[in-house]
Amino acid sequence: MLENRQKKDFILFLISLSIVVINTFWFRWLWYEFYFEKLFIPFVIKGNLAVIFVFALIYSAFAKLYGGFDLQTSRTSALVYSHVIAAGMTALGMYVVLWLLIRYLPAPGPMLLGLFLWSFAALVWSKPANLLTNKVCPPATTMIIYDNLYAFLKGEQITKQVNWRFKVIGKIDVKEGHVKVFEALDKLKPEAVMLCGIHSSQRNDVLKYCIEKGIMVYIRPNIGDYIVNSSRQLQMASLPVMLCQRAAPSAFYLVSKRLLDILFSLLILLIGSPVYLLAALSIWLEDKGPVFYKQTRLTKDGKEFEIIKFRSMRVNAESDGVVRLAGKEDDRITKVGKIIRAMRIDELPQVLNILKGDMSFVGPRPERPELTSKYESVMPEFTLRLQVKAGLTGYAQVHGKYNTSPYDKLQMDLMYIARQGIVTDIRIILETIKVVFMPESTEGIGEGETDALEGEVGQ
């Protein structure tokens with residue numbers, strides 16, 4: 001079984017490599033056709049190969065970052081989108097490289113042609129790549145083992161949304177006992193199981209049994225899993241020990257993060273000033289109301305601050321006193337508001353909060369005190385996300401949606417807290433570029449709901 005899995009992984013690697021080879025070929029053509037003769041000092045063969053290799057390296061890095069190689073979990077459209085974004089970022093990076101090599105700004109036309117060629121190659125490649133992946137890795141026969149109805153529905157949601165990876169052949173409640181669970185596994189012989197909402201004491205027995213039998217295990221983690229994941233591994237008296245504590249990042253990381261926050265904020269204010277002016281003028285012309293909107297939010301250790309945003313709703317949108325998130329068809333959103341929300345322009349003034357120190361570029365999104373209190377009444381663990389400073393973007397914003405449930409957001413925030421570091425922060429900032437252009441990432445809550453909690457079945 002292990003050899004078969006290795007063969008599949010190798011084939012998937014070759015499929016991913018093919019798009020890099022195709023687009024590297026197109027860059028090679030661009031290099032020799034438009035740029036090679038313009039070098040201040042012409043390269044010999046090794047120098048030309050080095051430039052081509054740099055392209056392949058940059059393209060591979062961005063394609064991996066944006067999920068262009070996630071063949072087993074991405075639809076064809078997602079693969080195309082990922083590679084187009086990767087091509088755009090690579091074109092920008094290579095344009096800077098060529099500027100340094102040629103020693104003056106080269107004409108952007110050839111690089112724009114390259115962007116078109118790379119994007120077209122991704123469009124043509126993605127469908128066959130997906131079909132071949134599904135042939136090499138057909139849906140795995142899967143059993144869902146769960147602890148409660150909510151957990152089962154979450155597991156079922158995953159298997160339905162990624163149905164090319166799973167073929168559900170059975171389900172069983174772990175409360176029926178390990179004997180019944182093991183008998184079901186022996187009878188159905190699934191290739192994979194999905195463990196949903198199972199307490200660690202019960203889960204460990206099932207997990208060890210599945211590993212012994214060669215069954216793949218997908219786990220819907222609990223909050224405690226993320227806390228353990230952030231632990232430090234120590235060696236005490238010749239024995240391994242895991243130390244769990246409140247988030248305590250190093251002073252070097254905190255200082256570096258603050259310097260990057262200030263640098264990026266000033267850069268955005270400088271480069272984005274035309275966008276700021278256009279947005280402000282458009283908002284004022286529509287209804288002659290205030291341009292900015294301030295709202296109380298929570299940051300590190302529950303400290304309150306006033307977040308600044310471009311106003312995207314009508315004046316006095318909550319005049320009835322009900323605190324609510326924006327809905328999918330919310331009539332409170334103005335015409336200009338729909339545009340700036342879709343393009344995330346309404347968030348830009350928050351760089352002022354970052355400069356002030358209330359927020360960071362990367363961190364859990366700041367929630368309103370009223371909604372936080374409501375969420376904490378259902379799940380007290382929700383306060384754990386306040387271990388670090390709130391952020392303009394974060395893991396939950398990159399991988400979730402506006403209407404993602406509070407519990408799922410909490411899990412993603414804890415995942416970030418467990419892995420926080422400069423590399424992680426830069427990665428999330430780069431990934432944010434991808435989700436800015438995805439309309440589903442700003443999808444509102446359902447009609448008649450006031451927050452994302454009401455859309456949940458229950459904990």
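**Figure 1. Arg28 in helix H1 of the predicted model.** Arg28 is partly exposed, with a relative accessible area of 43%, where buried means under 20% relative accessible area, exposed over 50% and partly exposed in between, computed with a 1.4 Å probe on protein chains only. The residue belongs to helix H1, residues 2-35; helices (H or I, at least four residues) and strands (E, at least two) are DSSP runs numbered from the N terminus. Although Arg28 and Asn48 stand 20 residues apart in sequence, their C-alpha atoms are 8.9 Å apart in space. Residues are numbered from 1 along each chain as its sequence is written. Because this is a predicted model, local features need pLDDT of at least 70 and side-chain atom pairs count only at pLDDT 80 or more, while totals for chains, interfaces and linings use all residues, and side-chain values use heavy atoms, with hydrogens and water left out.

**Figure 2. Ser126 in helix H4.** Ser126, placed in helix H4 (residues 109-136), is buried, with a relative accessible area of 0%. Its side chain reaches the backbone oxygen of Ala122 at 2.7 Å. Leaving aside neighbours within four places in sequence, Ser126 is in contact (heavy atoms within 4.5 Å) with Thr76, Leu79 and Val80.

**Figure 3. Val181 in helix H6.** Val181 lies in helix H6, residues 178-188, and counts as buried at 0% relative accessibility. When neighbours within four places in sequence are left aside, Val181 is in contact with Ile145, Ile172, Asp173, Val174 and Val206.

**Figure 4. Packing of helix H9 with helix H10.** H9 and helix H10 (residues 273-287) pack at an angle of about 65°, with their axes 4 Å apart; axes are lines fitted to C-alpha atoms, for helices over the stretch in contact, and angles run from 0 to 180 degrees between N-to-C directions. Ile268, Leu269, Leu270 and Ile271 of H9 make the contact with Ser273, Pro274 and Tyr276 of H10. These residues divide into 6 nonpolar, 1 polar and no charged, where Ala, Val, Leu, Ile, Met, Phe, Trp, Tyr, Cys and Pro count as nonpolar, Asp, Glu, Lys and Arg as charged, and the others, Gly among them, as polar.

Notes
A polar contact is a pair of N or O atoms within 3.5 Å; within protein, one must be able to donate a hydrogen and the other to accept it, and residues adjacent in sequence count only if both atoms are side-chain atoms.
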